[in-house]
Amino acid sequence: MSSNAAPTRRLNTAKAMVEAIAREMERDEDVCVMGEDVGAYGGIFSSTTGLLERFGPQRVMDTPISETGFIGAAIGAATEGMRPIVELMFVDFFGVCMDQIYNHMAKIHYESGGNVKVPLVLTTAVGGGYSDGAQHSQCLWGTFAHLPGLKVVVPSNPADAAGLMTAAIRDDNPVVFMFHKGVQGLPWMAKNRRSIGPVPEGEHVVPIGKAAVAREGRDVSIVTLSLSVHHALDVAEELAAEGVDVEVLDLRSLVPLDTEAILATVAKTGRLVIVDEDYQSFGLSGEIAARIVEHDPGLLTVPIQRVANPDVPIPYARALEYAALPTPARIKAAVLKAVAR
Amino acid sequence: MEQTVQRDLYQQMVLIRAYEEAILREYHADKKPVFDIGAGLIPGEMHLSAGQEPVAAGVCAHSIPGDSVTATHRPHHFALAHGVDMKAMTAEIFGRVDGLGRGRGGHMHLFDPMTKFSCSGIVGEGLPVAVGQALAFSRRGTGNVAIAVAGEGAANQGAFHEALNLAAVWKLPVLFVIEDNDWGISVPRSAATSVPSNATRAQAYGIPGVRVEDNAVEAVYAAAGSAVERARNGGGPTLLEVHTLRLWGHFEGDAQGYRDDLEQVPGRDPIPGYEQHLRSAGVLDDAAVARIRGAAVELVEQAIDFAKSSPEPDPSTVGNYVFAQA
């Protein structure tokens, strides 16, 4: 960090998230937290640690294992002017409550002609890499982004987790806040080294819908998000030594998608690798490709490379799971193919 | 029961019936000779509430400003009884810019923040939402109650059971109202529901359950009154089931060939019976009945005229209101 930057501390992503929530709870008494094990446990992935002790059970509410019930209740509380942060423990559990999310939360503002707002944050843990199998390892951000009416944010690092959480709580729309378990900095899971990082002191807001250039480069662009940003940065560092200058774009949100930033990096390098831990087909990687081609197919000098889940359920066995994940090795191979090396 | 209350209940039911008759007329006006669900001034599915007026009138007689209602795909009776602006609601049903949702919702998706009314086309969807509204009322100590309406078919949805459990665990001011009209579209209650009364199911959640038979508006009024008072005083939720009547089809265009009780249906219409009761009790006479009916029709026709005169939405605005702007 440069010496004149805002004062920062080093926090893990989970602590940065919690700090942002706590600050907003101090600022606005309508902000409350509800979900499974968000109280005494502090969130299975440490997304609410310490909030119960600080704000009490009226504002930090453990719920029954009843996602339709409590996510529906969060919608009702939000339409009454509260600003709930409601946690879906694993995104994979959306199957039991998608009606409330897709048919209600996402549509009320539109169906009401803008007369009813639903200011809530749906936090949810995503991602695999630790053998949790097909029902506890998905990303599914493409599924949520496909549905009009939901903003979808996917932070990759502690500072963005704090800044995007603050923005999400203050947003008058339902915001799905998808945090990757691999960047939370959990003591009981292999940590990505960048899951602990500098976070500005005091209020920190990252506007939703602005991608970040995580690394500048000239030769090839990796457009990615969440944990894969770190794999991309690792690959970029490795390839720098081999004379390949990689630019890494961290999308930070799917809805809104920062199309301008995507076009800018592709215009700069002419070569694109899309890295997406979600399923490959009918999802984010295809959407990115379509937006580029719709704008100007001539921006690309070589075909797009996609590194995504190859449309398989997430397997259990380590060797199989890592064959499905967008590993640094797969990313590196795709980059080398893009630069024809 | 006080005569003024009786007259109000009757008047509310007559207003609802006049409304549904007018919507019925307008809905079918330009769907002849061949029925095309997408044609005419009012396109789409149309679920009318004739016969179920006693439930809405009896329950909403107890709602006060700040109380909420989450209703079903058959929402008009509760919307009117809860005080939703009839003109804006009608304009929405006609898909016009002056509608509650500026033409984006339609008859199953009426949202009125002024009266905290909402409804949904998904069976059981509004029940958990009412729990959250009640949570907000409870936290703010407003003394308000969330009224959650569903059909007897919805009591077999997971959302029903999750909402009852959550409201009971958190002891929230919710009145769950089940309108048992005997039919889940074409499937009789007996083939779909394991118990004769959903009031029984309330016991499973440790909350009071009451069933009102005979579509009797005064009995609904009394039962709802106790439940609402209990909720306002911090006593928690109640489940109230009313055995009501679907006077017409599930939706317009439903020939009801499956319905073995069809011949008896007109004779079970709750309004003539209640009117006769009030005449016998000296609460109503010919003049009062004519006056109430005339006033209802006049209000309804004004709303219909308003809706028809409201412009259709500009197609270029299709993308507006997906998101709230900062």
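**Exercise 1. The two domains of chain A**

Task: State what area is buried between domain 1 of chain A and domain 2 of chain A, and which share of it carbon and sulfur atoms give.

Solution. The model is a predicted one. Between domain 1 of chain A and domain 2 of chain A, the buried area is about 2400 Å², and carbon and sulfur atoms give 53% of it. On the domain 1 side, the residues that lose the most area to domain 2 are S131(A), W141(A) and R194(A), which together make up 25% of what that side buries. As to the bounds, the domain assignment places domain 1 at 10-200 and domain 2 at 212-338 of chain A. The C-alpha centres of these two domains are 25 Å apart. Domain 1 brings 31 residues to the contact and domain 2 brings 27 residues.

**Exercise 2. The contact of chain A with chain B**

Task: Determine how many residues each chain gives to the contact, and which three residues of chain A supply more of its buried area than any other three.

Solution. Begin with the residue counts: 44 residues come from chain A and 33 residues from chain B. Next, take the area. The two chains bury about 3300 Å² between them, with 60% of it on carbon and sulfur atoms. Finally, look at the chain A side: E80(A), Y110(A) and E111(A) supply 24% of the area that chain A buries against chain B, more than any other three residues.

**Exercise 3. Helix α3 of chain A and its two partners**

Task: Classify the packing of α3(A) against α4(A) and against α5(B) as roughly parallel, roughly antiparallel, roughly perpendicular or oblique.

Solution. Two packed helices are described by the angle between their axes and the distance between the axes.

Step 1, the partner in chain A. Helix α3 (residues 67-79) and helix α4 (residues 98-105) of chain A have axes that come within 8 Å and cross at roughly 25 degrees. Angles under 35 degrees count as roughly parallel, and α3(A) and α4(A) are therefore roughly parallel to each other. The residues that meet are T68(A), I71(A), G72(A) and I75(A) from α3(A), and Q100(A), I101(A), H104(A) and M105(A) from α4(A). Their classes are four nonpolar and four polar, with no charged residues.

Step 2, the partner in chain B. The axes of α3(A) and helix α5 (residues 126-140) of chain B lie 6 Å apart, at an angle of about 50 degrees. This angle makes α3(A) oblique to α5(B). The crossing is right-handed. Among the residues in contact are G72(A), I75(A) and G76(A) of α3(A), and V129(B), G132(B) and A136(B) of α5(B). The contact holds seven nonpolar, seven polar and no charged residues.

**Exercise 4. Helices α1 and α10 of chain B**

Task: Find how α1(B) is oriented to α10(B) and which hand their crossing has.

Solution. Helix α1 (residues 3-29) and helix α10 (residues 270-280) of chain B pack at about 150 degrees, their axes being 11 Å apart. That angle makes α1(B) roughly antiparallel to α10(B). Their crossing is left-handed. Contributors to the contact include L9(B), M13(B) and R17(B) from α1(B), and I271(B), Y274(B) and E275(B) from α10(B). By class, the contact comprises eight nonpolar, two polar and two charged residues.

**Exercise 5. Backbone geometry**

Task: Locate P256(A), P33(B) and S226(A), and describe the backbone at each.

Solution. Most residues other than glycine have a negative phi, and most peptide bonds are trans. The bond joining V255(A) and P256(A) is cis, with omega about -5 degrees; P256(A) lies in the loop between β12 (253-255) and α9 (259-269) of chain A. In chain B, the peptide bond from K32(B) to P33(B) is cis, with omega near 0 degrees, and P33(B) sits in the loop between α1 and α2 (53-60). S226(A), a residue other than glycine, has a positive phi near 60 degrees. S226(A) belongs to the loop between β10 (220-224) and α8 (227-240) of chain A.

How values were computed:
Residues numbered from 1 in each chain as written. Chains lettered and ligands numbered in written order. Predicted model: local features only at pLDDT ≥ 70, side-chain atom pairs only at ≥ 80, totals over all residues. Heavy atoms only, no water. Axes fitted to C-alpha atoms, helices over the stretch in contact; angles between N-to-C directions. Helix = DSSP H or I, 4+ residues; strand = E, 2+ residues; numbered from the N terminus. Parallel < 35°, antiparallel > 145°, perpendicular 65-115°, else oblique. Left-handed = near helix turned anticlockwise from the far one by under 90°. Contact = heavy atoms within 4.5 Å. Nonpolar A, V, L, I, M, F, W, Y, C, P; charged D, E, K, R; others polar. Domains from an automatic or database assignment. Buried area = accessible area lost by both parts, 1.4 Å probe.
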